[in-house]
Amino acid sequence: MTDMPATALSAPQESPECVHFVDDWHGILHETYGGDSDRVVLDCARRLVADPAGEGAYAWTLGLVMMAAHIGRFSREDVAAAALEALHTTDRRLREAPCAHRTHPYESDLDDRIDHFVDDLPLLTNGLAEDQDPDWEDDATKEQWLCPRDIAGYARVAVDIIAPGSVGGIPPRLPVRDARRAEDLRSIVWDYPSAAVDPAQELSAYARNLVASPLGYHRAGLVVVLHAACWYAASGRIRDRRVLDTMVDALEAVLPGLGGASCAHGEGEHPEVGRDTAEQATVGIHLLSPGGRGVYRHWHREELETAPLEAWLCPAFLAGIAREALDHLRTGRERLFGLRDTAHLDEVLPRPDGRIDIERLTHAVRFRCRDGQAAEDAGLWAARRFAAGPADPRERLVLLLVACWSVTSGEEAPPEAVHRDLRAILGAVRTDPVAGSCPHGDAHPWEVLAELAGRRHFGFHEDPYGAHLNHLYAPGEHDTPEPSFDPEAWGCPRHVAERVRQALRIIDGAS
């Protein structure tokens with residue numbers, strides 16, 4: 001006959017042994033424990049394996065559940081092995097015990113309950129029934145919690161957390177490592193990467209996994225993840241071309257296996273993608289594991305508006321989003337790292353008389369927040385025209401200042417396709433220290449305007465920099481802005497050199 005742990009509530013323990021350890025287990029669960037966590041895990045495992053079906057089995061099993069994520073991620077191999085041995089032994093001894101319960105707590109969502117273990121564990125054997133215990137708030141009875149089959153079930157849950165996919169007979173659950181990946185990936189596509197997350201490294205890893213196995217079980221999840229992340233990757237946030245290259249390689253590798261896939265799904269039956277990339281990324285992570293797919297099936301049963309799992313796995317659907325992501329990444333790669341073409345501005349910026357439409361040029365840089373690429377193109381066009389050597393010294397000065405402004409006006413440096421040429425052009429400008437002093441002291445135009453702008457002396461719709469550059473280039477066509485500066489102050493070698501040096505510092509910081 002199978003040994004069974006005591007479940008009677010008539011034999012109270014005023015201070016069950018687990019109360020001496022439960023706070024440590026809770027600290028390890030939340031990674032706040034400051035002691036030797038492996039020692040705590042080993043102690044709990046040894047107590048369980050010594051009496052896997054005894055009165056304390058419930059406590060030591062639930063203690064290992066609380067520490068399971070830590071064990072799987074951080075514990076030494078021998079410590080994890082000891083925990084797994086104890087849990088497997090408990091499962092074998094108790095899983096076939098007689099039971100009249102229709103449900104058990106282990107069958108519910110662990111995440112909803114695990115934070116309450118620290119309070120509930122000491123209450124399980126305090127001799128009070130649920131309706132007599134003012135501190136008991138769980139919807140399951142204590143008898144259900146102490147049922148041998150529930151303890152065995154929680155033992156399997158802990159095993160699955162430590163060694164995902166190694167045991168059955170438990171509710172589907174997203175592996176802990178995948179839950180962490182989903183959180184990290186959401187932070188990336190939200191454009192607020194967590195402090196410990198390197199977006200380039202994360203996206204490269206997903207792409208390399210798909211390159212390594214374009215026909216494998218993980219194919220659907222990886223394609224969905226790369227599609228969700230392609231907008232971020234091609235936005236300019238990623239400064240390493242190799243990341244986009246690897247993502248392109250991965251999608252190129254997967255498409256032949258999808259071939260000219262067709263399906264029986266009608267119009268609108270495939271999942272909607274691209275609108276909520278964080279949700280899409282989360283689904284992609286769930287598709288990577290059997291447990292995650294099981295969780296998604298449960299979602300679909302609960303939320304009927306979600307697409308069925310089979311629709312996410314449909315080869316025709318995957319082929320379509322793979323092609324869409326591939327096109328977007330190729331276009332973005334060329335824009336970010338290829339040769340930036342500014343020839344289209346040759347048709348709109350020079351006027352018929354050969355002079356520059358200076359207001360249109362400065363307007364593009366001024367409204368960088370509305371169209372970052374237009375501002376980048378305007379600055380690069382100005383730098384290239386400057387390098388071509390227009391005869392008019394004033395035009396050369398204004399072009400150089402606009403080129404520098406296009407770099408310093410944004411919160412981030414321009415992409416490689418732009419800063420590569422800007423670096424070569426601006427780097428050729430002499431910025432050697434000028435001997436002696438200049439008559440302007442600390443009152444060079446750009447520094448004065450920057451200080452005034454910092455004090456909010458200019459309204460939202462006012463533009464101190466562009467207005468001054470417009471007047472500097474064409475004083476007869478534009479009103480004199482305040483405060484006014486002599487052209488000599490704008491062209492002061494010290495002033496120009498500092499503008500160039502500041503632009504180069506930003507460019508070099510992105511290289």
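**Loops, rings and overall build**

Aspartate 191 comes out as partly exposed in this predicted model, with a relative accessible area of 30%. The residue sits in the loop that runs between helix H9 (176–189) and helix H10 (199–212). For context, most residues other than glycine have a negative phi, and most peptide bonds are trans.

Aspartate 191 also turns up among the contacts of arginine 237, which touches Asp191, Tyr232 and Glu412 once residues up to four places away in sequence are set aside. Arginine 237 is likewise a loop residue, placed between helix H11 (219–233) and helix H12 (241–258). Its relative accessibility is 34%, so arginine 237 counts as partly exposed. Valine 295 is another matter: 58 residues along the chain from arginine 237, its C-alpha atom is separated from that of arginine 237 by 32 Å.

Another positive phi shows up at glutamate 31, where the angle is near 55 degrees, again in a residue other than glycine. This glutamate is found in the loop between helix H1 (22–29) and helix H2 (37–50). With 54% relative accessibility, glutamate 31 counts as exposed. The backbone has a cis peptide bond too, going from glutamate 482 to proline 483, with omega near -5 degrees. Proline 483 has its place in the loop between H22 and helix H23 (487–490).

Now for the rings. Searching the whole structure gives 15 aromatic pairs. One of them joins tryptophan 405 and tyrosine 465 in a tilted arrangement, at 6.0 Å centre to centre and with 50 degrees between the planes. Tryptophan 405 belongs to helix H19 (residues 393–408) and tyrosine 465 to helix H22 (residues 464–473), so this pair ties together parts of the chain that are 60 residues apart in sequence. Tryptophan 405 and tyrosine 465 are both buried.

Tyrosine 465 has a further partner in tryptophan 446, and here the rings are stacked, with 4.9 Å centre to centre and 20 degrees between the planes. This pair links distant parts of the chain as well, since tryptophan 446 is in helix H21 (residues 445–454) and tyrosine 465 in helix H22, 19 residues apart. Tryptophan 446, like tyrosine 465, is buried. Taking the ring pairs together, Trp405, Trp446, Tyr465, Phe485 and Trp490 are linked into a cluster.

Zooming out, the secondary structure of the chain amounts to 24 helices and zero strands. The radius of gyration is 33 Å, well over the 24 Å that the globule rule gives for 511 residues, so the chain is more spread out than a compact globule. Its C-alpha trace spans about 100 × 60 × 40 Å along the principal axes. Even so, 48% of the 511 residues count as buried. Among contacts with a separation of 6 or more, 74% come from residues 24 or more positions apart.

As for the surface, the accessible area of the chain comes to about 25100 Å², and carbon and sulfur atoms hold 48% of that.

Notes
Residues numbered from 1 in each chain as written. Predicted model: local features only at pLDDT ≥ 70, side-chain atom pairs only at ≥ 80, totals over all residues. Heavy atoms only, no water. Helix = DSSP H or I, 4+ residues; strand = E, 2+ residues; numbered from the N terminus. Rg over C-alpha atoms; globule rule 2.2 N^0.38 Å. Buried < 20%, exposed > 50% of the residue type's maximum accessible area, 1.4 Å probe, protein only. Contact = heavy atoms within 4.5 Å. Areas by Shrake-Rupley, 256 points an atom, 1.4 Å probe, with all protein chains shown as cover. Phe/Tyr/Trp six-rings, centres within 6.5 Å; stacked < 30°, edge-to-face > 60°.
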